[in-house]
Amino acid sequence: MGAANSCTQTCGVFMSFALFAEQVLNGLQSGIMLFVMAAGLTLIFGVMGLINLAHGSLYMVGAFAAAAAAAWTGSFLLALVAALTGAALVGMFVEMLVIRRLYDRDHLDQVLATFALILIFSEGTRFFFGSFPLFLDVPKVIAGPINLPIGIEYPVYRLIIIGVGLCVALGLWLLISKTRLGVQIRAGKNDREMIAALGVNISALYTFVFAIGAGLAGLAGALVGAIQSVQVGMGEPVLILAFVVIVIGGIGSIKGAFIGAILVGLTDTLGGIFLPELFKLFMEGSIATSLGSALASMLIYILMAVILVCRPQGLFGVQG
Amino acid sequence: MILTRENILNFVITAGLILVPIYAVIVEEPFTITLATRAVIFSLAAVGLNIALGLGGMVSLGHAVFFGLGGYTMGILAFHAQSYIPLFEWPILIEGTKQMLVVWPLAMIISAIAAFVIGLLSLRTGGVYFIMITLAFGQMFFFFSISWSAYGGEDGLSIYVRNQFPLVNTLVPIQFYAICLAILMLALWINARLAKSSFGLALSAARQNTERVRNVGLDPTSIKLVAFVISGAITGLAGALFADLNRFVSPTMFSWQLSGEIMVFIIIGGIGRLYGPVLGAIIFVTLEHFLGGISEYWLVFLGLLLLLIVLFSRGGLVGLLVGRERVHE
Amino acid sequence: MNKTILKTYNLTKNFGALRASDKISIDLRVGEIHGLIGPNGAGKTTLIAQIMGGLKPDSGLIEFDGTDITSFTTESRAQAGLGRTFQISQLAMDQTVLQNVVLGTVGERGGVWNFWRPVLAIQELRERAMESLSDVGLADKAATPVSELSHGGRRQLEVAIALTLNPKAFVMDEPMAGLGSDGSKKMTIFLDNLRTRAPILLVEHDMEAVFALSDRISVLVSGMVIATGSVDQIRNDARVRKAYLGEGS
């Protein structure tokens, strides 16, 4: 075997490894954004017992707020601030107007009322911004790729997204386990009456928790909106993925949401790329692509089903 | 039958469903018949969901799965029939069909099987998990139908000619409407019998108190699962009819919005009431037509209406019109 | 000595570091009322839950009518003839009294998979249900919605449902709770007669009732049965007096 031949082989291995690493990073990035979404959902459910379908609308609100702020100020950083605060403020407003009437209701009422909110938010946004997608541009400095070791090229912006997501995870962990507010949040999970009796303003606490969840959803919407596009209806597919994450991780568990989100992100991304390739090994090209991508689109739900069979309460859920 | 206010209301709705389309034939407004057919088919889908939701208390946000499966069963069979490509050649030759009497049972069986699997998995948990899981499975079918390119993928499938029914010309709108209405009435009758039967009693008890059901020696999960399967089969049949009405199936039949809307029909009308889903679907289609004509943002109004009903008037319109449901035998 | 119908052997259940049931062995014999008493937190509810299948014991066995039922589900235990009433009423609140009892007859006679025949028109079930209602003195309330029934009425209804199952033994969790002194007296008389139909394992806080009714009493303290015996034996048992009154050394 000649030297040249051996080189192409080795380089080929490196090339495919680089491709693989890139896809893993993509999976991580989408998983981390799912986490930011799911963390709010699971926190709101854990503390207030509310299932909030309109969480996807807050994701959308964040993205539109960012797009509007970017168009107005030209600053991407200000756009992100606008997304976070805009969604948090809208969340606060909605909580005080509608959501707080739902805490004592059954899940059906919560589902219906928040479904109604989706209709209002979606059509309202369409009314103000139109049906065409908006574009939110990442600043040139961070839009390009960066060279990582062993030949991996990866967009800086996506790495920043991963970093922001990890900061959010760390921040939430610190908030819940280390602060006085976290103590109240954890107490509120277990015994509403008791902490009210201890003089904590439960109503303000709930509004605050909802606003945190809303703000995080908005931030995720803006960060992802800059990669994809900003349009009406962008929130709901992510919302449903976040539900899958929560079912996998266990309701109310932030840790479960984190692990579940990474699992879902990786499965979805890697499955979509590699399943059709895998099928090509033993069937004809176009059929393999079609069947592979069809099956890949079901992969995370199959993952969810498997976890339901083995551990109905989710990976980190509490039994019963 | 006792003459309660609810029975009178049900009678008025039935009469309306018979008389309005006849009137439309007389004054030659075929579009009204199409609207009425749409309302009747949505009613049927919601009657199906009401068995799971109203009687069994299962908040399924994935009933579009069955609606879509019914639709695609019809669409795929018709696609093979109109292109003369057999569905399978091995092990036995199976060809497409344009016969409603073949399509319907198949649509119901396929939906029932899907409902069995989804129900079996979702009922391992309860409460809010159930909602999320049914929603997620709905999304799974949605994405699958988009990426499965053999049957049109994202673009859906068009069917050239409406399916056939013996002795009826299904191409005449009022005749197709009559078929749909007859099926709806049959489904309502089945629903009413079911609610009063041993099974209905146990199902309703399982909704209210599973511990009670267990302690008389019955398994609430299998009771709920059977109800979920029946519910899915009826919604699947509605999907097959809907595909025939539009002569078109597409992934939107699987969409989560549709699942939400089927639930909205029930809530607007009145949950657990026999005619609740029917009234709700009629109102939805009417609003969609008239408000949709005035403003393209009509869903905002639907959202506000729904929000008001949930927050302030539980029991929906049937509840508003005839008062709270009395506990009866 | 009468035949033993229900027996637990060394039933043990831990919740983390807390031992809620510590090798509990008790038995229930045909024809008797066996009172189970103990201070709050002694583990009575945990024991009942294990007997009825709501909780799985960590170790130990439960035998009912000669069969090991330790791995049975709640519904199989009910089918085997273990009738139960709850501390907090477990009823279908949106249904009538009669519907709740008919559910019991459906459970006993089978036929839950009948989708067509109106259940209240099935004469056999209806008669059986009315019989049970008469037994507990609720026949005139048959058409009343459970949500409009008094607290005492709901207690009676629980018993009526349990009766439709023709149980071989009853497990009753505080049937006197919240009844008031008049109601308690009526229930005491009722249970007194019931023991001839099936023996009762009776968990109760109303000591007057327990001492009046029980043939034998077991005392549960910190997950352990510290004494089992006749009413007089328990009254004079040093360990029981110590647990309740803090007497002795």
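Biologist: What percentage of the 249 residues of chain C count as buried?

Modeller: This is a predicted model, in which local features need pLDDT of at least 70, side-chain atom pairs count only at pLDDT 80 or more, and totals for chains, interfaces and linings use all residues. Residues are numbered from 1 along each chain as its sequence is written, with chains lettered from A and ligands numbered from 1 in the order in which they are written. A residue is buried if 20 or more other C-beta atoms, placed from the backbone, lie within 10 Å of its own, exposed if 12 or fewer, and partly exposed in between. For chain C, the buried share of the 249 residues is 46%.

Biologist: What radius of gyration does chain C have?

Modeller: The radius is taken over C-alpha atoms, and the globule rule is 2.2 Å times the number of residues to the power 0.38. For 249 residues, a compact globule would come near 18 Å, and chain C agrees with its 19 Å.

Biologist: Is C:Ser222 buried, exposed or partly exposed, and why?

Modeller: C:Ser222 sits in the loop between β10 (216-221) and β11 (224-229) of chain C; strands are DSSP runs of E, at least two residues long, and helices are runs of H or I of at least four, numbered from the N terminus. Its phi is positive, about 50°, although C:Ser222 is not a glycine. Because C:Ser222 has 15 C-beta neighbours inside 10 Å, it counts as partly exposed.

Biologist: Where in chain B is B:Arg247?

Modeller: B:Arg247 is a residue other than glycine with a positive phi, near 50°. Its place is the loop between α9 (220-246) and β2 (248-249).
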